[in-house]
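Here is a short report for a reader new to this structure. Look over the sequence and the fold, then read on.

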Amino acid sequence: MCGKTSVGYGVWSNPLITISTDEWIPQLPPLNVRSGNITGTTIQLLFDNIADPFSNFGYPIASKINVTAVSNIFQQQEIQYGGPNSAIITGLNEYTNYSLSVAVGTRRGFLVFAQSILVRTDFGPPSLPPDDIFAQKINSTALRFRFELIPPDDRNGLITKYLVNIRQLNVDTSWTTYEVLENGAVKSLHIGGLEKWRDYEFTVAGCTIVCGVESAIAIIRTDQDLPEVPPANRTAGPETSTSIKVQWDVVPEGFRRGIITAYHVMYKDDTIEPPDWKETSITAPTQEVVLSTLKFFTSYSFKIAAETVKGRGNHSIEFSTKTLEDVPEVFPSNLTCINGSSSTIDCGWDQMLQVHGQVNGIIVGYRIYYNVLDCSKAELADCNENTTFVDEVTVPDLLHTISNLKNYTEYEIQIELFNSLATGPKSPKIIISTDEDIPESPPTNVEGFTMSTTSVSIYWDDVPWGTSHGIITGYVCYYRRMNDGPPADELRILMQENQKRKRRSIESFEMDDYLTRNQNMSSESTLTLTRQRRALPSGGYLYPEEAQYANASESGMIIEDLVLYQWYTLRLAAMTSKGPGPTFDLNVSCAQAVPVTGPNITIYDKFSFTELTLNWSTLSYADSQGTVLDYNIIYYPVRRNGIDLAPVDQDVTSLWFEFPTQGVELNNLEPFVTYAFQSAAQTFAGPGTFSKPFYAETCRCEKNFKAVYRNHMPYFGIENGEQIGLLKNLVTAATNLCCGNCSNGHGATNIIWEGPMTSVSELNDAIFDDTDFVLPIETDKINTYYKSRPFVGILDSPGVSVFSLKVEYLNLTNNMILNGVLILWSFVAIVALIVMALGLIMWIVQCHPLQLNRTNQEAFPDTFSHGAGAGLWWAFNTVLRIGYGDIVATGKLGRIFSIPIIAVGIAISATLIAGVSSILLAYSVQKTEGSIFSKKVVAMNESYDQLVIKRMAGIISQTAGDTEELIEVLRSKRVDRMAVDAIYAAYHSEKMSDPDVIFRGIKESGATQGIVFGGRALRLEKCFRKYFHDKKVELIERIKAIIDADKRNYADSELLDKRNAMIKYESDIWMFLIKVLGGAFLGAFIIGCIYHCRHHRTNRVMAYVITHKTCDHFYEKEARQMLKKFEEHFEKKINKIEVKHAFEREYLIKNMRKYVEWLTPDQVNKYKF
């Protein structure tokens, strides 16, 4: 702006202000309106801007778009002006026509819209499924589906087809899809080929270009059909004899094809041809039926079918069962019986067929009923017509024998059959009688009597009623002479019953008078009876049997012409037409007298020293004069220990024995005693006369002694199944001496050896088992008891042999002494040479002409004889650590030289002392070379040697089981000594003579090998002790011979060779020392002469003398003379030593040759004597 005056305009305002006029509604629409991308629910709208927006309405700020569906505004939206000239319209309906127009507006509003354009949305899936879906069953395998079309508004496009999806319910399968084309108002679909009676699920959906929403799943089942298979698990079993229960399970789930409404059971009788099937129906769900009014024990076949509303399915395969058995309705036909004997009837009948209505089951067997017809005719005391007996017969038997019937009796017989269930009716009775038989019982009240010395009589009554089994025709009496008379108990009964002969019975017989006649004998006895009968020929009888007959009317008979005094057996029987019946036996004797003598006595066996077996013979009939009832045996001692006894000292023992006893074992007798035996027999008439005395002697010992031993050679052992050893022979000899030979008895006493025991503990256990002898037992020789049992020593052991290794022995005995002496001598010689050399050197050091300060001339003179001697004296005092102090070294050189000499002297002194000590120790060891004091020792297991070793203060380091193990332990150097029993070592000398083992001597042990007594051998102790005391000297000499022979075995030539080698070695050492000492003295002498010459002359004179060899010649001659004397002296010494050693070698060889006679040829060749 500017002001204006009349002059004109003034200055414009600053800054410049710009301003516009107000806006208005645009008057023009957008240009070029068009559509872009189209989908089922969106449309893209495109347009151009206004050509000159400010020319008409102002500044545009927005564009408004109207979307019109048909005649209704569907939606409006605004977009900012000046941005992208497009808009996306969403939320539209599918397949729908829309009118779209666009206007531009300012703040004042919108006015002019562009011309609208018509646009249709694209196709989309139907938004709804078809309506009124309906499924219908056509048959069991087909379905029909019907449905209405989708409303047009919900189709979202042109419907091209409909889809029906179907699958079986609850089965893991995929959907099956069927298409229905769009060609009508109502759609339908027929689907076949489905499974019968199955549930199916289905859905329906409409489709445009794409398919829309499926309908909800619906379920429909196909129609029912006939069952595909019959019921499962079909069974049938009999309930009764006229009913069968049939059972089954339902048709399997996958094969029912509908709802099972009923079951049909068909059955037929398998015995009827052609088949006649019958049927019964059962409403489901019942799964069993009981078929009744069937035939007994008949096989029926069955088949079952299931039924649905569509009809009946297939029948099952046939299965069968049988009704139970029932009561038979018939009896066996054609029963026929005949009498087989007097006590049996044989019956037979026809076989019954398995016919319905008759047998009604399987015939198990038959029962036969029988009873006595008329007891009044049967003559049976225990007869009862109402008592019926039954025999059963099992199939297939059709014959039967009725046994154990009454003789000569009529019986009623019936038969019936039975099965496992019941018994059928009985057959009509038939009557039949058993045959006549011999009488069942002998006559009654039979008695026998003595008539005379040659006749007897017998009387009887009739046979008991009902036991004759026929008509009695007569009687027979069999009689036979008896072998030895009847038994004693029967005789006593006969004596009481026989009233015709009056005598006392044995039970009441008084023995007082008889005992008084026989020296008041005692009747006490503790004897064991042995009954014996005479051996009989075939049949057991010595005499034939005879017979005598009587009529049926008679009741007694007399039998004559019999043997005097003898007993007879009478057997009486009744007879029918079938023969004699059973007999009544009795014994009757002729008149008897007392025996005239007693039976002969013999001794059968002597069991032990207190038992005798006594036998006596049977008296002849001439001597017995009747039947012997008892025997009386008396015995008494007549000699004891070889001395006859007076009658007053003869205690009589009386014994009674019933006939037929013929022997007795007498016990509790005195050993080594002679007895007298006498015998007498007794008959009905009384006791007879005694026999002559029979004499017999008891034994000193038992027949057999039991001895238990342990294998411990040489005392006792076993070889090739036989016992051997020193003690075996000695014990056997002592037993034979002490027991003697039991004449007329068991003879010499035997020793039964049992063993060997494996250990001393087992041997000790046998001592407490009351074994007679236990050996060998090793203990102290002063013992008389071992384990509280008597003990007798037999072989006294010289002691314990001690062994060690040869290497140790040689080192500790001869080698120790000899080597000690040799080493000491050689050491002394070497020391002497060293001392001599040191003495000469010290003399030269102290008196050398070059030494300026020679202040020690008194101690070490210049002359060789005195100076060298002083040097030797100083050297010995210094080396041997004496140090008198009369001669000392002076000067630095002398003192320096003295220091090593003093040190060497200490070592030399110690060595000398050790050498002397070793020699003294070797002598001590040689004196006690067999000692085991504080030594580790190996000994035998469980031996007495262990106790001896402990007494000697030895250490038992180890034990062994045999010789090889002992030597092995010693060779292993785990022990110092091996100690074994001397006799044991002598016996095993070959095993002990090991090249590395040497004998060291015998140490006294005080042991003995002996025997322990027990059981029945206790009383032999004193006899054994005396026997072995008398043989003491002889046994000692035998042991000494064994030991001496064993010592010779240890005289080894190898040891001798070693000693000779050592002697030769000593001589060689002496020769070497002599030569060394001679050479040393010669050298010292020459050195002294040279020094003496040089000492008494000046240097020039000494050089002249040395040049002209004047002094050398003089001293050489003198040295040669001295050396000659020295050699003569030592040659004498050598000769003495050789003579001495030759004598010792000759003495050793001479002693060795003494033992050649005890060496084997192999040893002689080995030692080359």
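Which residues make a nonpolar surface patch of about 490 Å²? Trp-873, Phe-876, Leu-880, Ile-882 and Tyr-884 make the patch. Patches are built from residues with over 30% relative accessible area and no salt bridge, with like charges joined within 9 Å and nonpolar side chains (Val, Leu, Ile, Met, Phe, Trp, Tyr) within 5 Å. Tyr-884 sits in the loop between helix H10 (864-879) and helix H11 (891-927). Tyr-884 counts as exposed because its relative accessibility is 57%. Buried means under 20% relative accessible area, exposed means over 50%, and partly exposed lies in between (1.4 Å probe, protein chains only).

This is a predicted model, in which local features need pLDDT of at least 70, side-chain atom pairs count only at pLDDT 80 or more, and totals for chains, interfaces and linings use all residues. Residues are numbered from 1 along each chain as its sequence is written, and side-chain values use heavy atoms, with hydrogens and water left out.

**The whole protein**

The secondary structure comes to 21 helices and 63 strands. Both are DSSP runs numbered from the N terminus: helices are H or I with at least four residues, strands are E with at least two. Of the 1169 residues in the protein, 44% are buried. The protein exposes about 62300 Å², and carbon and sulfur atoms supply 53% of that area. Accessible areas come from the Shrake-Rupley method with a 1.4 Å probe; for residues, only the protein chains shown count as cover. Among contacts with a separation of 6 or more, 69% join residues 24 or more positions apart. A contact means heavy atoms within 4.5 Å.

**The cores**

In soluble globular proteins, nonpolar side chains tend to be buried together. The largest nonpolar core here has 32 residues. Phe-773, Leu-775, Leu-1020, Phe-1024 and Phe-1028 have the most contacts inside it. Helix H6 (residues 726-739) gives the most to this core, with six residues. A nonpolar core is a set of buried Ala, Val, Leu, Ile, Met, Phe, Trp, Tyr and Cys residues joined through side-chain atoms within 4.5 Å.

What does Phe-1024 contact, leaving aside its neighbours within four places in sequence? The partners are Val-731, Ala-734, Thr-735, Cys-738, Phe-773, Val-792 and Phe-1013. Another core lies apart, with 23 residues, among them Val-372, Cys-375, Val-393 and Leu-417.

**The salt bridges**

The whole structure holds 24 salt bridges. A salt bridge is a side-chain nitrogen of Lys or Arg within 4 Å of a carboxyl oxygen of Asp or Glu. Three of them are listed here.

| Pair | N to O distance |
|---|---|
| Lys-196 and Asp-225 | 2.6 Å |
| Glu-392 and Arg-367 | 3.0 Å |
| Glu-1034 and Lys-1031 | 3.0 Å |

Lys-196 and Asp-225 meet in a salt bridge. Lys-196 lies in the loop between strand S13 (186-191) and strand S14 (199-207), and Asp-225 in the loop between strand S15 (218-221) and strand S16 (232-240), so the pair ties together parts 29 residues apart in sequence. Lys-196 is partly exposed at 30%, whereas Asp-225 is buried at 15%.

Glu-392 pairs with Arg-367. This pair links distant parts of the chain, strand S27 (residues 389-394) for Glu-392 and strand S26 (residues 365-372) for Arg-367, 25 residues apart. Glu-392 is exposed at 51%; Arg-367 is buried at 18%. Arg-367, Glu-392 and Glu-416 are linked in a network of salt bridges.

In the remaining table pair, Glu-1034 is partly exposed at 41%. Lys-1031 is buried at 17%.
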